[in-house]
Amino acid sequence: MEQISGFSRLSKGQKIHWLCKQMNLDLSKLLDQYKFDPSVQKILDEFTENSISNFPLPYSIAPNFLIDEKIYCVPMVIEESSVVAAASHGAKFWMTRGGFTTQILGTTKRGHLHFFYRDDFSKLNLAFEEIKPKLLDSLKPLISNMEKRGGGIKSIKLLDRTDEAPHFYQWEFDFETCDAMGANFINSVLEFCAQYLKDHLKNNFDFDIILSILTNYTPQSVVEVTAQCRMSELGSVDGCSAMEFAERMLAASQIAQVDISRAVTHNKGIMNGVDAVVMATGNDYRAVEASAHAFAARSGKYQGLSKVILEEDKFIFQMQLPLALGTVGGITGLHPLTKLSLQILKNPNAKELMSIVASVGLAQNFSAMRSLVTTGIQKGHMKMHLLNILQQLGANEKQIIAAKQYFKDRVVSFQSVREFLL
Ligand code: MEV
């Protein structure tokens, strides 16, 4: 490939032409296949720079989610074949056992001005406290809309971090961003404050603000989700008695508490469900992922996010999950399908969306653990895998029906399916 400068300034056609030339291939037909009509395409193209086409992923529905006494059909965007089926199974299992109940433990978002300062800190602190009311006054135009919606800045604290790094301090800002995820709002406020402090304190104090940025770690914006029933209500599960199933689930949950290898995979299963809904609603799954994994390590040891608790006669499955989600702002109101997702979810506010996303994560985790402690996961996975392989090999309808029957109790591999089709 040649190096190119000014790629972003080329038209879409020129970008495709350049790429085709580099690859010595005509890609235009393929890329054209995934083009939308101009009005939708314009919206998508404006999301990012250098867009040359679209990348389709399946848009699926997991029905039967009973969450805080409301029934939801949940839209999910994910390519992994077993995830929607697992979420749906988990939802259905719990629907007849009281569903998922949630509690929002907090919605505070946070951001920092990270700075270095080598002089008398108490003097800077005093000057900051003096200037704070004027700073808050100057911020009014930027935050008045958010305040009207019930949000804004909740607190500003000066933190001494010099124990961890020489001369390192932070101005720590806590925010309420209501139904917005808040990244743009928070970063705008922080950059305004950094400039204000430079303009008004810098003459007398030699501090150096290195970064002004929100943190995606949101342990103050957390939802707790619980699914619970009497032990006897579990019934027999995949050949296990209720008690045996409950004990195996407890053991699996304990393994994820003590072993990082299992904890990461356990949490990956949770995030299968979480990310798919986060994607379908146009939220930032990278932020959600980063926060969830940091939260999983908050004790100093990386652990499973969910837990099984056996209490007297009760089977309790519970998880706390940090989530920074929006139902307004970002692409939520722009992408035609995120708008549809929110509509399917009955236009939730951000707190309701936190409850839905966490419930799907827990349902997903329940189904994965259920399979793992009973039949193993390959049985379910292979059904979908078989269909993918058959599709790749161009099998016709008759061959698909025959293959499904043949592979009911046989091991599926690309090779074995190819041999079957011969
Ligand atoms: C696969 O995407 C997810 C699982 O590995 C999760 C788990 O092991 O709990 C099945």
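**Note on the strands, salt bridges and domains of the model**

1. Strand β10 (residues 314-322) and strand β8 pair in the antiparallel sense, and nine bridges connect them. Two strands are said to pair if DSSP finds at least two bridges between them. Within this pairing, Val225 stands opposite Met319 of β10. Helices and strands here are DSSP runs, numbered from the N terminus: a helix is a run of H or I with at least four residues, and a strand is a run of E with at least two.

2. A word on the basis of this note is needed. This is a predicted model, in which local features need pLDDT of at least 70 and side-chain atom pairs count only at pLDDT 80 or more, while totals for chains, interfaces and linings use all residues. Residues are numbered from 1 along each chain as its sequence is written, and side-chain values use heavy atoms, with hydrogens and water left out.

3. Strand β8 deserves attention on a further count. Is β8 enclosed by the rest of the structure, or open? Seven of the nine residues of β8 (residues 222-230) are buried, so this strand is largely enclosed by the rest of the structure. Buried means under 20% relative accessible area, exposed means over 50%, and partly exposed lies in between (1.4 Å probe, protein chains only). β8 also runs antiparallel to strand β3 (residues 100-104), to which five bridges join it. There, Phe100 has Ala227 of β8 as its bridge partner.

4. Strand β10 has a further antiparallel neighbour, β9, joined to it by six bridges.

5. The structure holds 16 salt bridges. A salt bridge is a side-chain nitrogen of Lys or Arg within 4 Å of a carboxyl oxygen of Asp or Glu. One of them joins Asp174 to Arg110, with 2.6 Å between the closest N and O atoms. Asp174 belongs to strand β6 (residues 168-176) and Arg110 to strand β4 (residues 108-117), so the pair ties together parts that are 64 residues apart in sequence. Asp174 counts as buried because its relative accessibility is 9%, and Arg110 is buried too, with a relative accessible area of 16%. Both residues take part in a network of salt bridges that links Arg110, Lys157, Glu172 and Asp174.

6. Arg230 is partly exposed at 45% relative accessible area, and Asp313 is partly exposed at 38%.

7. A further salt bridge is formed by the side chains of Asp284 and Arg286 (3.3 Å, N to O). Asp284 is partly exposed, its relative accessible area being 24%; Arg286 is partly exposed as well, at 48%.

8. Helix α4 (residues 83-95) has 13 residues and reaches 18 Å from its first C-alpha to its last, close to the 18 Å expected at 1.5 Å a residue. The expected span is 1.5 Å times one less than the number of residues in the helix. The buried residues of α4 include Val83, Ala87, Ala91 and Trp94.

9. The protein chain as a whole has 14 helices and ten strands, and 45% of its 422 residues count as buried. Its C-alpha atoms fill a box of roughly 80 × 70 × 40 Å, taken along the principal axes. Among contacts (heavy atoms within 4.5 Å) between residues at least 6 apart in sequence, 72% join residues at least 24 apart.

10. The chain is divided into domain 1 (1-56), domain 2 (59-105 + 219-375), domain 3 (109-214) and domain 4 (381-421); these bounds come from an automatic or database domain assignment. The C-alpha centres of domain 2 and domain 4 are 31 Å apart. Gln378 is placed in helix α12 (residues 378-392) and is partly exposed, with a relative accessible area of 41%. Its C-alpha atom is separated by 9.4 Å from that of Val411, 33 residues away along the chain.
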